[in-house]
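Let's walk through this protein together, one question at a time. Keep the sequence and the structure open beside you as we go.

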Amino acid sequence: MKQIIRNVFSTLLVVSFALASFSTQAADDGAKVVYHVDFKDPTRYSATLTSINNIMNYYQSELMEADVHLVFVGYGLRFTTDDDLKGTPYEADKALLDRRAELKGRLDALINVRGVKVELCDKTRDEVGLPQSKVYKGIKFVPSGVAEIAILQSEGYSYLKIQ
């Protein structure tokens, strides 16, 4: 009986160390997050930028590496250019025009200061004939935004979308 108890105790000890090692390893590996923007509301987009900044601050305070992606699809195109996209479903409205400079500055800071990787669905961009040169600097083009999100999720990225 003593031997059985020792074996059970030894097994539990090994499992405990393995689980502790796994959680430490996961934290040490950092955080992998992908944000999805396919909506047109500037307030909701502003909340997305705030959320990204907050998550970056948290991971930094925990000394964790943060690998954060922001993927624009469909209406998200509105937040990647100063072009008004006249005559398209994504045309800039007053709410966007009033906040465009602020939102552009915040996105630029996330890209250039915080290291957030930003991707735009090239299918959406091409659909409305927007030249790549009119898209903000630092934004990478991907053939399909939704495919990019799916690929990142398959690589272990957590999916976040602000409602």
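Q: Among contacts between residues at least 6 apart in sequence, what percentage join residues at least 24 apart?
A: A word of care to begin with: this is a predicted model. Among contacts between residues at least 6 apart, the share that joins residues at least 24 apart is 68%.

Q: Which element gives the most residues to the largest nonpolar core?
A: This core holds 33 residues, and Tyr45, Leu70, Phe72 and Leu107 touch the most other members. The elements that give two or more residues to it are strand E1 (31-37), helix H2 (42-61), strand E2 (66-72), helix H3 (94-112) and strand E3 (117-121). With six residues, the one that gives the most is H2.

Q: Which elements are included in what covers the buried residues of H2?
A: Helix H2 has 20 residues and spans 28 Å from its first C-alpha to its last, close to the 28 Å expected. Its buried residues include Tyr45, Leu49, Ile52 and Met56. Their cover includes E1, E2, H3 and strand E5 (158-160).

Q: Is Tyr90 buried or exposed, and what is its relative accessible area?
A: Tyr90 forms an edge-to-face aromatic pair with Tyr75, 5.0 Å centre to centre and with 90° between the planes. Both lie in the loop between E2 and H3, so the pair ties together parts that are 15 residues apart in sequence. Tyr75 is partly exposed, at 29%. The cut-off for buried is under 20%, so Tyr90 counts as buried, with a relative accessible area of 8%.

Q: Which residues do ring pairs link into a cluster?
A: The protein has four aromatic pairs by the ring-centre rule. One of them is the pair of Tyr75 and Tyr90. The cluster linked by ring pairs consists of Tyr45, Phe72 and Phe79.

Conventions. Residues numbered from 1 in each chain as written. Predicted model: local features only at pLDDT ≥ 70, side-chain atom pairs only at ≥ 80, totals over all residues. Heavy atoms only, no water. Core = buried A, V, L, I, M, F, W, Y, C linked by side-chain atoms within 4.5 Å. Buried < 20%, exposed > 50% of the residue type's maximum accessible area, 1.4 Å probe, protein only. Helix = DSSP H or I, 4+ residues; strand = E, 2+ residues; numbered from the N terminus. Expected span 1.5 Å × (residues − 1). Contact = heavy atoms within 4.5 Å. Phe/Tyr/Trp six-rings, centres within 6.5 Å; stacked < 30°, edge-to-face > 60°.
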